[in-house]
Amino acid sequence: MKILIVGGGTGGTILANNLARRLTNELKSGKARITMLSASDKHMYQPGLLYLAMGKMTPDELYRDQASLLEPGIQFHVDPVEEFMLDKNQVKTKSGKTHNYDIMVIATGSRMFPEGIPGMVEAAETFYTEETALKMFKRLQSFEGGKVVITVGVPHKCPMAPLEITFMLNDYFKDRGIADKVQLHYTYPIGRVHALENVAKWAAPEMDKLGITYDTFFNIKEVDATNKILRSEEGVEIKYDLLITIPAHKGMEVIEKNGLGQNGWIPTNRTKLNVEGRDNVFTLGDTTNIPISKAGSTAHFEADTLGENIAAMVKIGMPVREYDGKVFCFIEVGKDRATYAMFDYKNPPDPKAPTKAVHWFKLAYNKLYWISARGLL
Amino acid sequence: MAERKIVDGRGSFCPGPLMELIVALKSSQVGDELEVLSTDKGSVNDIPEWINKVGHEYIATTEADGVWHIMMRKAK
Ligand SMILES: Cc1cc2nc3c(=O)[nH]c(=O)nc-3n(C[C@H](O)[C@H](O)[C@H](O)COP(=O)(O)OP(=O)(O)OC[C@H]3O[C@@H](n4cnc5c(N)ncnc54)[C@H](O)[C@@H]3O)c2cc1C
């Protein structure tokens, strides 16, 4: 059985390692083969970008060699897929090679797309890539005061990022001793300050207490970079001195180009995780169109399900369990407190008051991630 | 030609059905009808409120087996 995993990020890596462990004997005997095709020989811990933008991590701390994270027995190639030929059970890569598969998993992730909003690329700082996070940190360091506006496009990965960056910025300006010269203004697309109702319930009073102002029902339409004005779909205008954005995202271009899903989001069965209409092609992580958080933890729990199911398909010819929509997210509330939210398709989250202990746990997780990617946590 | 699209936001606590609608509208044409499915009762108020605020056309809401169906038309 040839198993092909396309994408060596959070979801693809956890799945490959999970499968390699479940199929040790089958890999040895040649009954199964696991191949991973990815676009990079490096693996980035993306949540670290938030800390990079705040000067609390450096770029070297974000990366590991991808090959070092993989179980022996996984055949890893840096050779991105350019063509998906689902009817032939084949893919074609950038180097021109063709790979056949019996089962394929697509885990190519998502990317920010600030280009979708006129004026955004020129006007705003963001932190969703190494380059932009570093640029944002430099800009922050030279900022001496004024109105800082945070905007949020949808969909985006990491649903907690808008609140986290806002509370972290508040502490950052306090630490620099210029908090009295800075007005932080937060905006959010729906009628409260966060998608999760209970998170919004404590975050709004927290913002009130810190003097952070906010506009809800604010969906950015365009940025007038010359006059430093934002305009929303709802008809509201806001002036800014420094604009920070969590841009809307798309799936990878290769997905859309191959007709696998509009804007790069692949229609996916929400419990079986197969690509709609295909029994031997699965997907996980950011690139699915499932209406849940695009987060590393989502990719992780989906990978656990697929690991069990694909191993069972090799061993007994059928999958054994369903994905229940589980997501777990840490929420940093400034520089020294954090909380978390856990939920699934049926059970809403009920985050508790932030504590220092959860913050320290999140900092520990920033290191533990590498064990998690190896499929050991 | 105007289309009719289903936006399946069932079981979505985060980002939630309204966010799913906002995303779906970006790739829709003026005149398209969108039907949001939601298992979150809050959507019954949130979604029409947002539709009216932005200036799209709210059509109707119905409920069947614990799923709310909220119909709207993209107007701009
Ligand atoms: C600033 C920031 C903060 C975040 N914070 C958190 C957090 O606190 N908690 C949390 O749970 N999540 C967080 N996330 C989100 C998390 O990082 C992503 O949701 C997660 O990485 C998604 O996993 P994935 O496997 O779907 O995609 P990725 O991890 O992005 O991996 C995609 C992989 O596909 C490869 N690829 C791309 N194109 C091709 C191709 N054509 N062929 C082959 N391979 C290809 C890439 O090289 C990459 O290896 C954060 C993200 C950011 C940016």
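Reader: How much area do chain B and chain A bury between them?
Author: This is a predicted model, in which local features need pLDDT of at least 70, side-chain atom pairs count only at pLDDT 80 or more, and totals for chains, interfaces and linings use all residues; side-chain values use heavy atoms, with hydrogens and water left out. Residues are numbered from 1 along each chain as its sequence is written, while chains are lettered from A and ligands numbered from 1 in the order in which they are written. Buried area is the accessible area (1.4 Å probe) that two parts lose on being put together, summed over both. Of the area between chain B and chain A, 62% is on carbon and sulfur atoms, and the total is about 2,000 Å².

Reader: Which three residues supply 35% of the area that chain B buries against chain A?
Author: The contact (heavy atoms within 4.5 Å) takes 28 residues from chain A and 21 residues from chain B. More than any other three residues of chain B, the suppliers of that 35% are Phe13(B), Cys14(B) and Met19(B).

Reader: Which side chain of chain A meets Asp8(B) in a salt bridge?
Author: A salt bridge is a side-chain nitrogen of Lys or Arg within 4 Å of a carboxyl oxygen of Asp or Glu. Two are found across the interface of chain B and chain A. In one of them, at 3.3 Å from N to O, the partner of Asp8(B) is Arg270(A).

Reader: How far from the sulfur of Cys158(A) is the nearest cysteine sulfur?
Author: Cys158(A) is partly exposed at 29% relative accessible area, whereas Cys329(A) is buried at 6%. Cys158(A) is in no disulfide, and its nearest cysteine sulfur, that of Cys329(A), is away by 6.2 Å.

Reader: Which residue is joined to Pro15(B) by a cis peptide bond?
Author: Pro15(B) is found in the loop between β1 (4-8) and α1 (17-26) of chain B. With omega of about 15 degrees, the cis bond joins Pro15(B) to Cys14(B).

Terms used: Disulfide = S-S within 2.5 Å. Buried < 20%, exposed > 50% of the residue type's maximum accessible area, 1.4 Å probe, protein only. Helix = DSSP H or I, 4+ residues; strand = E, 2+ residues; numbered from the N terminus.
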